[in-house]
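Please look over the sequence and the 3D structure shown here before reading the report that accompanies them.

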Amino acid sequence: IIVSEHASEGTKNKIRYKCEFYKTPLIFTSLDGGELGTRLGKSYAPVVLAVTDEGFAAEILKAKNSDGNTENGIG
């Protein structure tokens with residue numbers, strides 16, 4: 001799961017709790033919803049993204065870890 005730091009505190013807390021409960025990797029990014037949408041080629045502004053393809057998710061985590069990024073920034 002990727003969450004924009006621009007999401008509301010309630011949204012961030014809810015997603016954090018669910019990710020902990022389901023043992024799902026969680027990444028926070030400094031990108032806002034508009035920038036996330038643009039990078040996805042969408043006209044809307046999502047603040048939460050779920051990557052459901054296991055291979056793609058693994059590559060995102062691998063890139064995050066190899067770049068020395070912390071949980072709070074992939075953007």
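## Overall fold

The model is a predicted one, and the report should be read with that in mind. The protein chain has three helices and three strands, and from the N terminus on these elements follow one another in the order β-α-β-α-β-α. Of the 75 residues of the protein chain, 27% count as buried.

In space, the C-alpha atom of Val-3 is 9.2 Å from the C-alpha atom of Asp-32, although 29 residues separate the two in sequence.

A pair of aromatic rings is described by the distance of the centres and the angle of the planes. The structure holds two aromatic pairs. In one, the ring centres of Tyr-17 and Phe-21 are 6.3 Å apart and the planes are at 25°, so the pair is stacked, given that planes under 30 degrees apart are assigned to that class. Tyr-17 and Phe-21 both belong to helix α1, where a spacing of four residues places them about one turn of the helix apart. Phe-21 also pairs with Tyr-22, here in an edge-to-face arrangement with 4.9 Å from centre to centre and 85° between the planes.

Together, Tyr-17, Phe-21 and Tyr-22 form one aromatic cluster, and these residues also make a nonpolar surface patch of about 410 Å². Helix α1 covers residues 9–22. Tyr-17 is exposed because its relative accessible area is 51%, and Phe-21 is exposed as well, with a relative accessible area of 53%; the cut-off for this class is over 50%. Tyr-22 is likewise exposed.

## Salt bridges

Side chains of opposite charge can pair when their charged atoms come close. The structure holds two salt bridges. Which residue forms a salt bridge with Glu-9? The partner is Lys-12, and the closest N and O atoms of this pair are 2.8 Å apart. Both residues lie in helix α1, three residues apart, which corresponds to about one turn of the helix. Lys-12 has a relative accessible area of 11%, and therefore counts as buried.

The other salt bridge joins the side chains of Arg-39 and Glu-35, with 3.3 Å from N to O. Because Arg-39 and Glu-35 are four residues apart in helix α2, residues 33–40, about one helical turn separates them. Arg-39 is exposed, with a relative accessible area of 57%, whereas Glu-35, at 35% relative accessibility, counts as partly exposed.

## Single residues of note

Is Lys-23 buried or exposed? At 74% relative accessibility, Lys-23 counts as exposed, and this residue lies in the loop between α1 and β2, the latter being residues 27–29. Most residues other than glycine have a negative phi. Lys-23, a residue other than glycine, has a positive phi, with a value near 55°.

Thr-11 lies in helix α1 and counts as partly exposed because its relative accessibility is 28%. The C-alpha atom of Thr-11 is separated by 8.7 Å from that of Val-48, while along the chain the two residues are 37 residues apart.

## Second largest pocket

The second largest pocket holds about 170 Å³ of space. Its lining consists of 14 residues, of which Ile-1, Thr-24, Pro-25, Val-51 and Ala-57 lie nearest the centre of the pocket. Which helix gives the most to the lining of the second largest pocket? Helix α3, residues 54–66, gives the most, with four residues.

How values were computed: Residues are numbered from 1 along each chain as its sequence is written. This is a predicted model: local features need pLDDT of at least 70, side-chain atom pairs count only at pLDDT 80 or more; totals for chains, interfaces and linings use all residues. Side-chain values use heavy atoms; hydrogens and water are left out. Patches are made of residues with over 30% relative accessible area and no salt bridge: like charges are joined within 9 Å, nonpolar side chains (Val, Leu, Ile, Met, Phe, Trp, Tyr) within 5 Å. Accessible areas come from the Shrake-Rupley method with a 1.4 Å probe; for residues, only the protein chains shown count as cover. A salt bridge is a side-chain nitrogen of Lys or Arg within 4 Å of a carboxyl oxygen of Asp or Glu. Helices (H or I, at least four residues) and strands (E, at least two) are DSSP runs, numbered from the N terminus. Buried means under 20% relative accessible area, exposed over 50%, partly exposed in between (1.4 Å probe, protein chains only). Rings of Phe, Tyr and Trp (its six-membered ring) pair if their centres lie within 6.5 Å; planes under 30 degrees apart count as stacked, over 60 as edge-to-face and the rest as tilted. On a 1 Å grid over the protein atoms alone, a cavity is a set of points where a 1.4 Å probe fits but cannot get out, and a pocket is an open set with protein on both sides within 12 Å along at least five of seven lines; lining residues have an atom within 4 Å of a point. Grid points are joined across faces, edges and corners, and a volume is the space filled by probe spheres set on the points.
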